[in-house]
Amino acid sequence: MSSDSEAGLGGGGDLRKPFLHTGSWYKMGSRQSSLMGSSQVIRESSISVLACVLIVALGPIQFGFTAGYSSPTQSAITEDLGLSVAEYSWFGSLSNVGAMVGAIASGQISEYIGRKGSLMIAAIPNIIGWLAISFAKDSSFLYMGRMLEGFGVGIISYTVPVYIAEISPQNLRGALGSVNQLSVTIGIMLSYLLGLFVPWRILAVLGILPCTILIPGLFFIPESPRWLAKMGMMEDFEVSLQVLRGFDTDISFEVNEIKRSVASSSKRTTIRFAELQQRRYWLPLMIGNGLLILQQMSGINGVLFYSSTIFKEAGVTSSNAATFGVGAIQVIATVVTTWLVDKAGRRLLLIISSSGMTFSLLVVAASFFLKDMVSHDSSWYSVFSILSVVGVVAMVVSFSLGIGAIPWIIMSEILPVNIKGLAGSIATLANWFTAWVVTMTANIMLSWNSGATFSIYMVVCAFTVAFVVIWVPETKGRTLEEIQWSFRR
């Protein structure tokens, strides 16, 4: 790397230096190897993109375990601690309140100390939160633990999809980005499965494991090359990219593309409010925020958090086992999405997913309305109960085919480099605020009128179809730099 190039991109005083340097932890082996003059050792120490994704995927597994925890434990916790439905609804929704605080901080934390450093910070409150829940004697420790978990999850939910998007080659970015949501569904399924066999306190202790493994794992993966370039650490940037692409790969074209993007975005690091009216800013902001808000307004968190209650209301005797079945189906559907997203494209899957959710919710709403009109002893009551369960399962499958994973992928792809930290925080905050409203109201609304509740969710999903058709661009097969340049035209 020439000194001229470093001066041009890394020497500007307007670039912020990281508070915590995490860019060189993975380089120790490579540096020692170069001193030995052995290129073979360097090749053997190279870390694939897939390995990096699998390590950071422990964060979303933690996310999913947190989301799923409140479903199989509701009866046991309310009985042991004497909580009312409203108090347990607060417990279920407080993770979203904590996540909102985490979301506000997530963009700036990941900008100042890097993607790896922010994941390490996120892991610590998650561990403390699970311990607080496991030792809770009353609602205060329960609430505190849930808030701390949420704070960590709020940081994870922004940082992981951004890190994956920034390290992935363009032809695999969609599939690898879908691993984020796949990991969330695996976490949900694990909480449902383990909740069938272990008490709620032991289940909380098991929730510590993903972050406990994540912390040492972060020492073995490279920092995001795009973040390193933005911070002006050009030597680390090129080494990181070379490690990710393989030491036999020519990275000169990708290096130049990233440098050009960073140079363009760093000419002026502050953006005036009036400039947000430019198409290059307002359109990706509107699309990213819109998709993440609509994702939660579909009611998916209400369904997942209180699925046991929903199945019980539908007349299913083993509601926790049925909930685990839904979690397993969700994992399978998300695997299909991971395979399809770089083949079928983001837009098509979003349209299919939101259309499927609309139809599924129509079936669920109609089933609950019709159940109220017939006697419990009637054969029609059993038919409508089965239909409502089928509709809920179909809704979860449809969600997993697109709306679950793709909004996070698109958010991480389309936000401009120079406002990604702030804009990403706003989008993540909007997602978690909507999730909190849905989670807080879902249990109460389902107790009031299940049919009306699912009807509201159905209308939101129908609106999502129109939003995707009109506004959302296709990002398949394009580099991050190409996507962001397209909004300038």
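Glutamate 111 counts as buried, at 2% relative accessibility; buried means under 20% relative accessible area, exposed over 50%, and partly exposed in between (1.4 Å probe, protein chains only). This is a predicted model, in which local features need pLDDT of at least 70, side-chain atom pairs count only at pLDDT 80 or more, and totals for chains, interfaces and linings use all residues. Residues are numbered from 1 along each chain as its sequence is written, and side-chain values use heavy atoms, with hydrogens and water left out.

**Salt bridges**

- Side chains of opposite charge can pair when their charged atoms come close.
- Eleven salt bridges are found in a search of the whole structure; each is a side-chain nitrogen of Lys or Arg within 4 Å of a carboxyl oxygen of Asp or Glu.
- Glutamate 111 pairs with lysine 230, and their closest N and O atoms are 2.5 Å apart.
- Glutamate 111 belongs to helix 7 (residues 85-134) and lysine 230 to helix 12 (residues 225-230), so this pair ties together parts 119 residues apart in sequence.
- Lysine 230 also counts as buried, at 14% relative accessibility.
- A network of salt bridges links Glu111, Arg115, Glu166, Lys230 and Lys420.
- Arginine 146 and glutamate 149 meet in a salt bridge of 3.6 Å, N to O; both lie in helix 8 (residues 139-167), three residues apart, about one turn of the helix.
- Arginine 146 is buried at 0% relative accessibility, and glutamate 149 is buried with a relative accessible area of 0%.
- Lysine 259 forms a salt bridge with glutamate 238, with the closest N and O atoms 3.4 Å apart.

- Trp282, Val469, Ile470 and Trp471 make up a nonpolar surface patch with about 400 Å² of accessible area together.
- Patches consist of residues with over 30% relative accessible area and no salt bridge; like charges are joined within 9 Å, and nonpolar side chains (Val, Leu, Ile, Met, Phe, Trp, Tyr) within 5 Å.
- Helix 23 (residues 450-471) gives the most to this patch, with three residues.
- Tryptophan 471, in helix 23, is partly exposed at 39% relative accessible area.
- Threonine 453, also in helix 23, is buried at 0%.

**Whole chain**

- The chain has 24 helices and zero strands; helices (H or I, at least four residues) and strands (E, at least two) are DSSP runs, numbered from the N terminus.
- Of its 489 residues, 60% count as buried.
- The accessible surface comes to about 18800 Å², 69% of it belonging to carbon and sulfur atoms; accessible areas come from the Shrake-Rupley method with a 1.4 Å probe, and for residues only the protein chains shown count as cover.
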